[in-house]
Amino acid sequence: MKGRVIKSTGSWYVVQTEKGAKNARLRGKFKQEDLKLSNPIAVGDWVVLENEEDLESTVIKDILPRENYIIRKSTRKAHHSHIIASNIDQAFLIVTLKNPRTSLGFIDRFLVSTESFRIPASILVNKMDLTFKDKELDHLQDIREIYGPLGYPVYEISALNDEALIAQFSPLLKGKTTLLSGHSGVGKSTLLNKLVPDAKQTTKEISKFSAKGVHTTTFAEMFAVGPNSYLIDTPGIKEFGVLDIDDFELSHYFVEMRQYLGQCHYNNCQHVNEPGCVVLEKLEEGYIHPYRYDSYINILTEEDSHR
């Protein structure tokens, strides 16, 4: 029996089949593309189920090949990775200007991951109902000026606004599997509850002590929003570690650099300080935003950016 994983708790999974949702557990261990995974099965995976002899329990016998996935470094196991979700048609990264503040470096790391599988991504700036200081408005202007021209739509929203949200986003979700991601406290669950009232995801206030988000979504879960239309809600991400991208491939996942690749003097140019580097020339000429180039260097050298 074939089904799709709609919820993962780490040890048990909920799998949607033609005969309804079934609780299932994993049989044995799966080796997957030489990846060391902290979660062998992810929400969005298509799997093959099998009833055990007693017919009272169901096991996952096999995982079907993934079209794509969003992956990051595991926060719990060194040298391991964590698949956030798989078989995705598009991704919405929810960011906020404060309470908590989303850095440009975090946005860029997420976009590198989506670009590596050519997953279309949009940026949702949430909590626009708040009052902002000048530095926060400057941060918003940076987001507008950097990502919109690169082909990443930027939406400014308030997840507390029901009718406008539903009217704006419902058409974008039809016939697609959409990932919602972002830091804890940016409003993923609040947004999901507006778009899928039956989801009833728990929400909490921002911690007044740290001004950071409180984890409310413990496990990734997929919700139906219409025929063949799904939203995947994910636990909040503190940091997004880019994984398994070769240094010479990284520039391919910065869309503004991609058009200049192959034009540098050296074939193995990393666009750092090499003579005859066209990417560095375009940076000087203003065709590549310095913040984006900083993110490229930070990822290349495994440093995080908290600009």
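Axes here are lines fitted to C-alpha atoms, for helices over the stretch in contact, and angles run from 0 to 180 degrees between N-to-C directions. With that in hand, welcome to a quick tour of this predicted model. The protein has 7 helices and 13 strands, and buried residues make up 49% of its 307 residues. Among contacts with a separation of 6 or more, 66% join residues 24 or more positions apart.

**Helix 3 against helix 4**

- Helix 3 covers residues 162-173 and helix 4 covers residues 188-195; the two pack at an angle of about 85°, and their axes are 9 Å apart.
- Since angles from 65 to 115 degrees count as roughly perpendicular, helix 3 is therefore roughly perpendicular to helix 4.
- On the helix 3 side, the contact is made by Asp162, Leu165, Ile166, Phe169 and Leu173, while helix 4 brings Leu191, Lys194 and Leu195.
- Sorted by class, the residues of this contact between helix 3 and helix 4 come out as 6 nonpolar, 2 charged and no polar.

**Helix 1 on its own**

- Helix 1 runs over residues 104-115, which is 12 residues.
- From first C-alpha to last, helix 1 reaches 16 Å, close to the 16 Å expected at 1.5 Å a residue.
- Helix 1 is mostly covered, with 12 of its 12 residues buried.
- The buried residues of helix 1 include the charged-class members Asp108, Arg109 and Glu115, and also Phe106, Phe110 and Val112.

**Helix 1 against helix 2**

- Helix 2 spans residues 134-147, and helix 1 packs on it at an angle of about 30° with the axes 11 Å apart.
- Angles under 35 degrees count as roughly parallel, so helix 1 is roughly parallel to helix 2.
- The crossing of helix 1 past helix 2 is right-handed.
- Helix 1 makes this contact through Leu104, Ile107, Asp108 and Leu111, and helix 2 through His139, Asp142, Ile143, Ile146 and Tyr147.
- The contact of helix 1 with helix 2 holds 6 nonpolar residues, 1 polar and 2 charged.

**Around Leu26**

- Leu26 belongs to strand 3, which covers residues 20-26.
- Although Leu26 and Val59 are 33 residues apart in sequence, their C-alpha atoms are 5.6 Å apart in space.
- Setting aside neighbours within four places in sequence, Leu26 is in contact with Ser11, Tyr13, Pro40, Ile41 and Ile60.

How values were computed. Residues numbered from 1 in each chain as written. Predicted model: local features only at pLDDT ≥ 70, side-chain atom pairs only at ≥ 80, totals over all residues. Heavy atoms only, no water. Helix = DSSP H or I, 4+ residues; strand = E, 2+ residues; numbered from the N terminus. Parallel < 35°, antiparallel > 145°, perpendicular 65-115°, else oblique. Contact = heavy atoms within 4.5 Å. Expected span 1.5 Å × (residues − 1). Buried < 20%, exposed > 50% of the residue type's maximum accessible area, 1.4 Å probe, protein only. Left-handed = near helix turned anticlockwise from the far one by under 90°.
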